[in-house]
Amino acid sequence: MTLFERIIAREIPADIVHEDERCIAIRDINPQAPVHVLVIPKTVIPRLGEAAAGQEELLGHLLLTAAAVAKREGLGDSGFRIAINHGHDGGETVPHLHVHVLGGRAMTWPPG
Ligand code: 5GP
C-alpha cells in the first residue's frame with residue numbers, strides 16, 4: 001500500500017479536510033504555506049504521466065475538489081497555487097498522485 005492508501009484506510013492518522021467516494025483531502029504534514037492541502041484519488045495512479053485516458057473524469061474531479069477546498073480555506077479572493085509533482089525533477093516523493101493546494105501567502109514564480 002502507498003502511504004496515502006494507508007491514510008485513506010485510517011491506518012495512519014491525518015487531518016482530513018474533505019472526503020468523498022473518489023478522493024480525500026488532507027493537510028500536508030510539512031506545510032510549505034499557511035494553507036497546504038493534498039487532494040488524493042482513492043484509486044492509485046502513481047503519477048500524472050501514468051494516468052489513463054479513461055481517468056479524465058477523476059482527474060477533473062481532483063481539480064474541482066482542489067478549487068473547492070481552496071475556497072473553503074478562505075483562498076478564493078487572495079488566490080492559491082495548484083501543483084502536481086511528477087518524478088525526480090518534479091519533486092515527487094510519494095508515488096501516489098496528489099494535487100497540492102497552497103495558499104495564504106504570495107507564491108513566487110518561477111517556482112524553486
Ligand atoms: P510530493 O513531494 O510527492 O509532491 O508530495 C508529497 C507530500 O506529502 C509532501 O508535501 C509531504 O510533506 C507530504 N507527506 C509525506 N508524508 C506525509 C504524511 O504522513 N502525512 C501527511 N499529511 N503528509 C505527508
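## An enclosed strand

In this predicted model, strand β2 is largely enclosed by the rest of the structure, because four of its five residues are buried. The strand covers residues 23-27 and is joined by five bridges to strand β3, residues 35-41, with the two running antiparallel. Within this pairing, Ile-24 has Ile-40 of β3 as its bridge partner, and Arg-27 has Val-37 of β3.

Strand β2 is also joined to β1, again in an antiparallel manner, through three bridges. The two strands β1 and β2 make up a hairpin in which three residues lie between them, and His-18 stands opposite Ala-25 of β2.

## The sheet and its helix

These strands belong to an open sheet of five strands with antiparallel pairing, whose order is β1-β2-β3-β5-β4. At the edges are β1 (16-19) and β4, each of which pairs on one side only. On average, and with direction ignored, neighbouring strands of the sheet are turned by 20° against each other.

Helix α2, made of residues 56-72, packs on this sheet and touches β1, β2, β3, β4 and β5 (99-103), while its direction makes about 155° with that of β3.

## A buried leucine in a loop

Is Leu-97 buried or exposed? Although Leu-97 lies in the loop between α3 and β5, its relative accessibility is 4%, and because buried means under 20% relative accessible area, Leu-97 counts as buried.

Leu-97 and Val-39 are 58 residues apart in sequence, yet their C-alpha atoms are 8.6 Å apart in space. Leaving aside residues up to four places away in sequence, the residues that Leu-97 touches include Val-39, Ile-40, Pro-41, Leu-59, Leu-62 and Ile-84. Among the other contacts of Leu-97 are Ile-45, Pro-46, Arg-47 and Leu-48.

Ile-84, one of the residues touched by Leu-97, is placed in the loop between β4 (80-83) and α3 (87-90). With a relative accessible area of 33%, Ile-84 is partly exposed.

Which residues form a nonpolar patch on the surface? The patch consists of Leu-48, Leu-63, Phe-80, Ile-82 and Ile-84, which together have about 390 Å² of accessible area.

Conventions: Residues numbered from 1 in each chain as written. Predicted model: local features only at pLDDT ≥ 70, side-chain atom pairs only at ≥ 80, totals over all residues. Heavy atoms only, no water. Patch = residues over 30% accessible without salt bridge, like charges linked within 9 Å, V, L, I, M, F, W, Y side chains within 5 Å. Areas by Shrake-Rupley, 256 points an atom, 1.4 Å probe, with all protein chains shown as cover. Salt bridge = Lys/Arg side-chain N within 4 Å of Asp/Glu carboxyl O. Buried < 20%, exposed > 50% of the residue type's maximum accessible area, 1.4 Å probe, protein only. Pairing = 2+ DSSP bridges. Axes fitted to C-alpha atoms, helices over the stretch in contact; angles between N-to-C directions. Contact = heavy atoms within 4.5 Å.
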